[in-house]
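Subject: Structure handover and findings

Dear colleague,

Please find below the structure that I am handing over to you. My notes on what was found in it follow directly after.

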Amino acid sequence: GSAALCEGLKRNHLLNRIDISWNGISDDGAKMVGAMLCENSALTHLDLSHNAIFMNGALALAAGIEKNESLRHLELGHNPMGMTQHTAAQQDLTGIEALVKAIRLRETFSSVGLTEVQEGASVTRGRASRFDPQQPAGHYILDVSSTWDLFLAEKLWARMLANEGEVWTNLTLDSAKVNLLGADGKVAWELPAKGVLEFDYMDWKLGLETSFRFELAKPADLSLAKKLFERAVATEGEACTN
């Protein structure tokens, strides 16, 4: 099944979306998909979630991703790619590290899904499990000792510094509150080498699209305006403008 499908996709110039999730293709099937990606130039969406792909399969996929220039959306969630495929499976992040390296090289991705791909991962980690670099706003919980989480933190940090109006708010490191700004009002904090980061990524350019207009002579409008103003004063990163 996997061999015939991948051979056909190598010559495909029309089909751009394919969902192979929940097919149990394992490492052998992943190696065929990786080889197919080296030759396919039409595929933009690929879903390989829930396929029992281990470390060796991840390495093969990484090799294919490095050479592929058409993929924009990739879903690899719920595959034990951080484990070796043995009776006594052991954690080995070589495959995940290779995937992250390949994704770094291909700046064309619009979204990547890597939920539950290494031992100890959690599906409740918010936006960390499925990352869209074009729409980064959301809540993140990132363990920077994890290859994938460090990659996300670096991407989000660089984007925030480069784009006025984007900011990390409610930031904590190992549950301790962190202040990004120095006494001069500029960002003075740097990414740590270890620990768990939790924060909200806010894009105020999008936030400004939502506006309120109140007639303060009306008690209900006055009450709501007061509530919003109090929240803006009390919450880091929020403000009333114009």
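The model is a predicted one, in which local features need pLDDT of at least 70 and side-chain atom pairs count only at pLDDT 80 or more, while totals for chains, interfaces and linings use all residues. Residues are numbered from 1 along each chain as its sequence is written, and side-chain values use heavy atoms, with hydrogens and water left out.

Glu-75 belongs to strand 3 (residues 73–75). Helices (H or I, at least four residues) and strands (E, at least two) are DSSP runs, numbered from the N terminus. With a relative accessibility of 15%, Glu-75 counts as buried. Buried means under 20% relative accessible area, exposed means over 50%, and partly exposed lies in between (1.4 Å probe, protein chains only).

Salt bridges

A salt bridge is a side-chain nitrogen of Lys or Arg within 4 Å of a carboxyl oxygen of Asp or Glu. By this rule there are five salt bridges. Glu-7 pairs with Lys-10, with the closest N and O atoms 3.0 Å apart. Both residues sit in helix 1 (residues 2–10), three residues apart, about one turn of the helix. Glu-7 also pairs with Arg-11, where the closest N and O atoms are 4.0 Å apart. Glu-7 is partly exposed at 38% relative accessible area, whereas Arg-11 is exposed at 59%.

Glu-154 forms a salt bridge with Arg-104, the closest N and O atoms being 2.8 Å apart. Because Glu-154 lies in helix 5 and Arg-104 in helix 4 (residues 94–105), this pair ties together parts that are 50 residues apart in sequence. Glu-154 is partly exposed, at 32% relative accessibility, and Arg-104 is likewise partly exposed, at 35%. Through shared partners, salt bridges join Glu-7, Lys-10, Arg-11 and Glu-39 into one network.

Aromatic pairs

Rings of Phe, Tyr and Trp (its six-membered ring) pair if their centres lie within 6.5 Å; planes under 30 degrees apart count as stacked, over 60 as edge-to-face and the rest as tilted. The structure holds five aromatic pairs. Trp-157 and Trp-168 make an edge-to-face pair, 5.1 Å centre to centre with 70° between the planes. Trp-157 is in helix 5 and Trp-168 in strand 7 (residues 166–173), so the pair ties together parts that are eleven residues apart in sequence. Trp-157 is buried at 10% relative accessibility, and Trp-168 is buried at 1%.

Why does the pair of Trp-168 and Phe-199 count as stacked? The ring centres of Trp-168 and Phe-199 are 3.9 Å apart and their planes are at 5°, so the pair is stacked. Since Trp-168 lies in strand 7 and Phe-199 in strand 9 (residues 196–203), this pair ties together parts that are 31 residues apart in sequence. Phe-199 is buried, at 0% relative accessibility. Ring pairs link Tyr-140, Trp-157, Trp-168, Trp-189 and Phe-199 into a cluster.

Nonpolar core and surface

A nonpolar core is a set of buried Ala, Val, Leu, Ile, Met, Phe, Trp, Tyr and Cys residues joined through side-chain atoms within 4.5 Å. The largest such core has 49 residues, and those with the most contacts inside it are Val-33, Leu-46, Leu-48, Met-81, Trp-168 and Phe-199. Elements that each supply at least two residues of this core include helix 2 (26–39), helix 3 (55–67) and strand 6 (138–143). Helix 5 gives the most to this core, with seven residues.

Val-144 is located in the loop between strand 6 and helix 5 and is buried, at 4% relative accessible area. The C-alpha atoms of Val-144 and Ala-193 are separated by 6.7 Å, although the two residues are 49 residues apart along the chain.

Yours sincerely
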